[in-house]
Amino acid sequence: MKGGTVQISWHEGKPILTLDFHPPSSTLATAGADFDIKFWSIKSAAGTQRKLPQVSYVNSLSYHSSAINVVRFSSSGELLASGADGGELIIWKLHSTDTGETWKVLKMLRSHHKDILDLQWSTDSTHIISGSVDNSCIIWDVNKGINLQTLDTHAHYVQGVAWDPLGKYAASLSSDRTCRIYINKPLKSKGIEKINYVCRHVISKAEQPLLKNSTSTKYHLFHDETLPSFFRRLAWSPDGSFLLVPSGSYKIGTASESVNAAYIFSRKDLSRPAIQLPCASKAVVAVRFCPIFFNLRGTNPAGLFKLPYRIIFAVATLNSLYIYDTESTPPIAILAGLHYAPITDIAWSSDARYLALSSQDGFSSLVEFDNDELGSPFPISGGKVLEECNSPLQTSNDTVIVPTGYVGAIVAQSRKTKAGEKSDDMVIDSTGNAGAAITENRKNETEEKGDCMIIEGTGSVGAAVLDSRKTEAQEKVEKQPLSSDSVKSGPEKKAGKQTPSTKKPTRKRITPIPIDP
């Protein structure tokens, strides 16, 4: 495993808000506050002395007139969708020419009134679902370029959307502290079925008692609108067996502080979380699944997932990245000390060789995995992918499970002093069956060396420590709002300016516990 922050001028020092890999070629597309989409070729660092993959500029797409918040390729790689401020949604098409391949605008989809924050393609690339600051989700017919349905039940910004790969469900996550699950109930008109998504579940609060013999209480499952991020990017697993949702926040006890988490929802019961994945001191803002399935290693036959293969996924907080698989409950790797500003997006290459993440500090980081480091690919056929009626999780129908015995304890220590006098420390201790992982993030405002990215392997991936040195140019990156009158200026100010505390909080130990019915 090699990786770190790539020290190049990605977008002229302006925030990078999104990225994605082109499926066939693994070309990386990035976009952000400079209004352009840029393409980058990646050359492996394997067999060389380089610590990082080599990234080279290819070309740019200039058409948007405002900051671009999300770019996503279709599954075939022939189309690219980009969503931006002001409700701009553009579909690009790849054309072959005598001089090579080029992207051209195919359609502009107009219906959102305000900034588009997230979007996702349907599996067959015929439809798109998008989420916006106008509090709505829209389902688009890409071929016709029309709005098929507007889902406007959220009371605040829609910051994440996800499309079920099996085509039955859609999901959205909003800063109104709700996750909504929609089910497709097609309407027939003149013998033709039309898409008709209706809201089936609204996940907002947990109503179960937190502890045995305690009185029943309700508590919010998600962060409110003060979360210092534009995005809450959720995702379905590639086989549709479960939904992974970020921006979780729950309390162990009524007097305790909230714990940041990501939630896993089983397809068998999408009305409430089946598993909580506790994270460190920062909120979870994005999740993304590796597109390749891997063979089981047989290391944890009593695991929470009952799948014939391993699925690997990444969970990004504002300042760190956790990599999990479905066979071992503790994370197989933890990455921290990556960026000076919040992480905005994550992406896997189609061959699972690269994992990329972007940040508001104007830089992107890349992690490269060696051959078979993540495991041997599992041959997928239609008959082997989970049927909808089967549950991939070992959960009962009436219990929300926090896997205490497997995850172990998480220790989160945050020491803050006056700016320039002492760096921040983040310690994560995982005491599960995969061993311990300790990640320290040391930053000093006055030094020119920059920060270090520490990758601690907690499973079979192994351990590596990678240092990424930032130049003086990075220290001068402006943490400015995307526009003076943008509706996102408030959240961005929170993300860019966090006043350190002069008081040291006492060491706290956060231990997840089961929630009993």
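Which residues lie nearest the centre of the second largest pocket? The tour returns to this question after a view of the whole chain. The model on display is predicted.

**The whole chain**

Begin by selecting the entire protein chain and colouring it by secondary structure. The chain has 517 residues, and 57% of them count as buried. Its exposed surface comes to about 20,800 Å², with carbon and sulfur atoms supplying 49% of that area.

Next, select Ser-75, Gln-120, Arg-288, Phe-289 and Pro-291, which are the residues nearest the centre of the second largest pocket. In total, 37 residues line this pocket, and the space within it is about 970 Å³.

Now display the strands that contribute to the lining. At least two lining residues come from each of β2 (16–21), β6 (68–73), β10 (116–121), β14 (158–163), β22 (235–236), β26 (284–289) and β30 (343–348). Of the elements around the pocket, β10 gives the most, with four residues. If the lining is coloured by residue class, 22 residues are nonpolar, eight are polar and seven are charged.

**Gly-160 in strand β14**

Keep β14 in view and select Gly-160, which lies in this strand. Is Gly-160 buried or exposed? Gly-160 is buried, because its relative accessible area is 0%, and the cut-off for a buried residue is under 20%.

To see what surrounds Gly-160, select its contacts beyond the neighbours within four places in sequence: Asp-118, Ala-171, Ser-172, Leu-173, Arg-232, Arg-233 and Leu-234. Gly-160 and Cys-179 are separated by 19 residues in sequence and by 9.3 Å in space.

**Arg-267 in a loop**

For the last stop, move to the loop between β24 (258–266) and β25 (275–278), where Arg-267 is found. Arg-267 has a relative accessible area of 6% and is therefore buried, again by the cut-off of under 20%.

Which backbone oxygen does the side chain of Arg-267 reach? Show the side chain of Arg-267 together with the backbone of Gly-240: the side chain comes to 3.0 Å from the backbone oxygen of Gly-240.

Methods:
Residues are numbered from 1 along each chain as its sequence is written. This is a predicted model: local features need pLDDT of at least 70, side-chain atom pairs count only at pLDDT 80 or more; totals for chains, interfaces and linings use all residues. Side-chain values use heavy atoms; hydrogens and water are left out. On a 1 Å grid over the protein atoms alone, a cavity is a set of points where a 1.4 Å probe fits but cannot get out, and a pocket is an open set with protein on both sides within 12 Å along at least five of seven lines; lining residues have an atom within 4 Å of a point. Grid points are joined across faces, edges and corners, and a volume is the space filled by probe spheres set on the points. Ala, Val, Leu, Ile, Met, Phe, Trp, Tyr, Cys and Pro count as nonpolar, Asp, Glu, Lys and Arg as charged, and the others, Gly among them, as polar. Buried means under 20% relative accessible area, exposed over 50%, partly exposed in between (1.4 Å probe, protein chains only). A polar contact is a pair of N or O atoms within 3.5 Å; within protein, one must be able to donate a hydrogen and the other to accept it, and residues adjacent in sequence count only if both atoms are side-chain atoms. Accessible areas come from the Shrake-Rupley method with a 1.4 Å probe; for residues, only the protein chains shown count as cover. Contact means heavy atoms within 4.5 Å.
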